[in-house]
Amino acid sequence: MTPRQAQEIIEDALLRVVPDADLAGLATDADVREVLEMDSLDFLGYVETLSATSGLRIEEDDYPAFTTVAGGAGFLAARAETG
């Protein structure tokens, strides 16, 4: 999985949880929880959606990586590479 593919998976997951989100203006290093006004249940749904759509197991300790698009994309790409 390339970082761009990982970013597309992240953007899809964000839109599933926050359907009216404007991702075009979202900086990849911005905290998605703040910018998209996600509560803890939204964030959990986002990470669970990522796990399901990527086919990769995401542990609770890994959640901080997904607070930004760039961090999440890097995590998914690296995890896909190492299995």
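Asp 62 sits in the loop between H3 and H4, where helices (H or I, at least four residues) are DSSP runs numbered from the N terminus. This is a predicted model, in which local features need pLDDT of at least 70, side-chain atom pairs count only at pLDDT 80 or more, and totals for chains, interfaces and linings use all residues. Residues are numbered from 1 along each chain as its sequence is written, and side-chain values use heavy atoms, with hydrogens and water left out.

| Residue | Relative accessible area | State |
|---|---|---|
| Asp 62 | 14% | buried |
| Val 18 | 11% | buried |

Contact here means heavy atoms within 4.5 Å. Leaving aside neighbours within four places in sequence, Asp 62 is in contact with Arg 57, Phe 75 and Arg 79. Val 18, which is found in the loop between H1 and H2, is in contact with Leu 36 and Met 38 when its neighbours within four places in sequence are likewise left aside. Between Val 18 and Tyr 63 there are 18 Å in space, C-alpha to C-alpha, and the two are 45 residues apart in sequence.

A nonpolar core is a set of buried Ala, Val, Leu, Ile, Met, Phe, Trp, Tyr and Cys residues joined through side-chain atoms within 4.5 Å. The largest such core in this model has 25 residues, and those with the most contacts inside it are Leu 14, Tyr 46, Leu 50, Phe 66 and Leu 76. The elements that give two or more residues to this core are helix H1 (3-17), helix H3 (40-54) and helix H4 (69-82), and the largest share, five residues, comes from H1. Apart from its neighbours within four places in sequence, Tyr 46 is in contact with Ile 10, Ala 13, Leu 14, Val 17, Val 32, Met 38 and Phe 66.

The buried residues of H3, among them Phe 43, Tyr 46, Val 47 and Leu 50, pack against H1, helix H2 (32-35) and H4. The expected span of a helix is 1.5 Å times one less than its number of residues, so the 15 residues of H3 should span 21 Å, which agrees with the 21 Å between its end C-alpha atoms. Just after H3, Gly 55 takes a positive phi of about 75°.

Definitions and conventions. Buried < 20%, exposed > 50% of the residue type's maximum accessible area, 1.4 Å probe, protein only.
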